[in-house]
Structure formats: C-alpha cells, structure tokens
There are 2 protein chains.
Amino acid sequence: MTFVDLTHPLIDGQPCYPGDPVPQIKPFDTLAEAGFNTTRFAMGTHQGTHLDAPFHFFRDGTTVDKIPLGTLYGPAELVDLAPGGAFGRGAKISRQMLEHHGQSFHEGARVLCSTGWDQHFGREEFYQSYPSLTTEAAQWIVHQGIRLIGMDTPSPAEDFEEVHKILLGAGVIIIEALANLSSLPRQFTFAAFPLRIKGRDGSPVRAVAIVD
Amino acid sequence: MTFVDLTHPLIDGQPCYPGDPVPQIKPFDTLAEAGFNTTRFAMGTHQGTHLDAPFHFFRDGTTVDKIPLGTLYGPAELVDLAPGGAFGRGAKISRQMLEHHGQSFHEGARVLCSTGWDQHFGREEFYQSYPSLTTEAAQWIVHQGIRLIGMDTPSPAEDFEEVHKILLGAGVIIIEALANLSSLPRQFTFAAFPLRIKGRDGSPVRAVAIVD
C-alpha cells in the first residue's frame with residue numbers, strides 16, 4: 001500500500017481565489033517564549049485543495065459537516081484529459097472529451113480529472129483562464145450519476161455559477177485544486193475528509209490516494 | 001463498510017484550550033449578496049479534534065505536513081479504559097491500566113484510548129482536570145513501539161509538557177479530543193489526515209473510523 005498526497009501545501013500569504021480572504025498562518029506560541037509551538041491560521045473555506053458542499057450555492061443544500069463520509073472515501077478513477085501534457089489557458093473541457101473516458105463515469109463513481117493545470121498553483125495565474133467544464137459537460141456528469149468529481153483547477157469552470165449549480169444542485173460533491181494527479185494509476189482508493197465546520201459551505205481538505 | 005465520525009464539530013466561539021485563539025467561523029460571501037456562500041475561519045492548530053506533530057515541542061521535530069501518510073491511516077484498535085462509564089475529574093491513567101490492554105499496544109500500532117471525557121466537549125470544563133497519562137504510562141507507550149495514540153481528552157496529560165515530550169520525542173503522533181469512541185468496535189481502520197499546513201506544529205483533523 002502506498003500513498004499519494006493530492007494536496008497543495010497551505011502557506012501564509014499564498015494566492016487565493018480572487019475576492020477570498022488571503023490566508024494567514026502565523027506562529028502563536030513559540031518554543032523560545034512558551035516552551036512549545038502553536039499556530040493561528042485564518043483563511044477562506046475554499047483555500048488551496050478544498051471541498052465544495054451543496055450549501056456553497058444552495059440555501060437548503062447539504063453543509064460540509066453533513067456530507068456522508070462514504071461519499072468522501074472509496075474507489076476512485078483517474079481521467080487524464082491531457083496525457084503527457086497540460087491544457088493551455090482558456091481550454092474548454094467538452095462533453096465529448098469526457099465521453100471518451102465514459103467507462104470511468106459510472107453510477108456512484110468518484111472521478112478525478114487531470115488537466116495539468118496544477119503546475120500553476122501558488123501563483124496568481126492559477127486563478128486566471130483555467131480549463132473549464134462546459135455546461136453540457138457538467139450536465140453529462142450529472143446524467144451519469146457520479147457522486148464526486150475532483151479537478152486540478154481552482155474551480156470546475158471559470159464561468160463558475162452555472163456549472164457549480166448544475167453539479168452541486170444534483171448533489172455531486174466537488175474537490176478543487178487537487179495536486180499530483182499525474183502520479184496516479186487509473187484506479188485507487190480516494191479519501192478527502194473536510195474539517196467538520198458546522199453548517200457551512202466547504203473546507204480545505206487533505207486529499208489522499210491509497211494505491212494497492 | 002460503515003463510517004464512524006470521531007470528530008467534534010468546529011463552531012464559532014466554542015471553548016478552546018486555555019490561552020489558544022478563540023475560534024472564529026464567520027460568513028464571508030452570502031447567497032443574498034454574492035450569489036454564493038463562503039466562510040472565513042480562524043483558529044489555533046490545536047482546536048477541537050486535532051493532531052500534534054513533533055514540531056509542537058521540538059525545534060527539529062517533524063512538522064505536520066511531513067508526517068508520513070501511512071502513519072495516519074490503517075488498522076487501529078480501541079482501548080476502552082472506562083467500559084460502561086467515564087473517568088472522573090483528575091483521574092490518572094497509569095501504566096498498569098494500559099498493560100491490562102497490552103495486546104493492543106504492539107509495535108507499530110495505532111491505539112485510541114476511550115475515557116468517556118468527550119461528553120464534556122464544548123464546555124470550559126472539558127479543559128479542566130481531565131484524565132491524564134502518568135509519566136510512566138507515557139514511557140511504556142513509547143517502549144511498546146506504537147506509532148499513533150489517540151485520546152478523547154484535550155491532551156494526553158494535564159501536566160502536558162513532560163508527557164508530550166516523551167511521546168512526541170519518540171515520534172509517536174498524538175490525536176487529541178476524539179469523539180464517539182464508545183461507538184467503536186475493538187478493531188477498525190482509522191484515518192486522520194491533517195491539513196497540509198507547511199512547516200507547522202499541528203492541525204485540526206476529520207478523524208474517521210472505517211468499520212468492516
């Protein structure tokens with residue numbers, strides 16, 4: 001059993017989604033003064049590698065603390081949309097591109113889509129002109145009945161409202177800004193448990209692949 | 001496969017370890033104004049159900065982002081120290097009490113110790129006069145070669161410096177303030193992945209048991 005860390009590091013002052021709170025990670029107690037180290041951290045729920053709960057876009061949507069743990073852990077599949085390369089700025093991910101990997105998008109599946117965009121994480125460019133699902137691609141994902149979709153982009157689509165509403169409105173959980181997808185085999189066990197933040201919209205996660 | 005959530009909810013303003021930052025969890029964007037909900041949260045790395053990394057007490061200790069993922073996931077055992085009840089204020093957990101469950105404390109084991117103290121979580125009393133490992137109990141844990149110890153108390157000992165240093169100094173990872181241990185069978189798969197906070201001392205976790 002080996003582990004692949006699919007999570008970007010959280011670093012004080014790193015870029016965040018435009019308009020989100022800039023993350024702060026500061027020593028609070030120090031060995032020199034208190035005899036131990038502690039840290040105070042402050043950030044938005046959508047910082048770095050994170051999970052979107054339906055409440056992100058829906059008043060009555062499931063909140064992050066109520067997502068069934070069985071959705072967030074189990075067999076998963078990698079769909080490599082840009083094998084051996086990476087999508088460029090403004091690329092569109094169409095329904096046809098996903099249908100090419102149709103066997104991975106089965107009822108109840110957890111699917112992580114690799115575009116190579118994670119190479120830009122940690123810079124402002126990560127949040128600009130990133131590869132985006134089309135509306136039709138998002139509708140097809142819902143039609144296939146998958147329960148969780150992961151992306152290596154900051155959001156499933158730059159035109160984010162419509163695509164988020166299609167996915168979250170159907171109860172599809174979204175994991176965003178995944179790292180190291182290129183290290184994955186086609187099948188593995190995925191775990192991405194959010195913090196149990198009561199009644200809210202999302203959380204950073206430590207996303208992990210467990211490979212047999 | 002069923003899941004047991006071993007995590008207390010994170011709630012705005014809930015009590016924290018004396019001297020730690022009071023947790024803040026506040027709406028940032030709202031559906032009414034922005035069309036979506038987001039949250040800004042701020043807390044200490046030792047809030048609620050959380051993990052202590054060796055860097056908490058040691059300048060050159062492993063930081064939370066560097067703990068091998070294989071330490072944090074795998075077979076684990078419940079040791080019920082107060083079957084059918086709960087320890088009272090100021091209780092000591094002695095080496096002899098642990099030795100009574102000696103078969104669970106084997107080389108490389110992950111052991112979660114139930115004292116029933118989690119019933120006080122969410123009130124200031126949780127952080128006062130909680131059951132504590134003796135120095136000799138902590139030394140025995142290290143001697144047995146276990147890799148991870150979980151407690152339902154806010155810390156392994158109220159006289160925290162010495163016991164933390166014995167455990168963390170030997171590289172034993174500590175999970176604190178676990179919930180719902182009374183719902184567990186004796187053996188299960190445990191997962192408690194911290195946020196990937198670069199170079200720091202700990203992190204809240206979503207601790208989960210996966211029961212076959």
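For the comparison of the two chains, copies are superposed by least squares on the C-alpha atoms of residues with pLDDT of at least 70 in both. The model examined here is a predicted one. Treated in this way, chain A can be laid on chain B by a turn of 180 degrees, with a shift of 0.0 Å along the axis and an RMSD of 0.0 Å. This is therefore the relation of a two-fold axis. A handy landmark for finding that axis in chain A is Ala42(A): its C-alpha is the nearest to the axis in this chain, at 2.0 Å. Both copies use the same surface, as 100% of the contact residues of chain A recur in chain B.

When neighbours within four places in sequence are left aside, the partners of Ile149(B) are Val111(B), Cys113(B), Ile141(B), Leu167(B), Val172(B) and Ile174(B).

The packing of two helices in chain A is also worth a look. Helix α3 (residues 135–144) and helix α4 (residues 160–169) of chain A have axes that come within 9 Å and cross at roughly 5 degrees. Because angles under 35 degrees count as roughly parallel, α3(A) is roughly parallel to α4(A). On the α3(A) side, the contact is made by Thr135(A), Ala138(A), Gln139(A), Ile141(A) and Val142(A). From α4(A) come Glu162(A), Val163(A), Ile166(A) and Leu167(A).

Conventions
Residues are numbered from 1 along each chain as its sequence is written. Chains are lettered from A and ligands numbered from 1 in the order in which they are written. This is a predicted model: local features need pLDDT of at least 70, side-chain atom pairs count only at pLDDT 80 or more; totals for chains, interfaces and linings use all residues. Two residues are in contact if their C-beta atoms, placed from the backbone, lie within 7 Å. Axes are lines fitted to C-alpha atoms, for helices over the stretch in contact, and angles run from 0 to 180 degrees between N-to-C directions. Helices (H or I, at least four residues) and strands (E, at least two) are DSSP runs, numbered from the N terminus. Angles under 35 degrees count as roughly parallel, over 145 as roughly antiparallel, 65 to 115 as roughly perpendicular and the rest as oblique.
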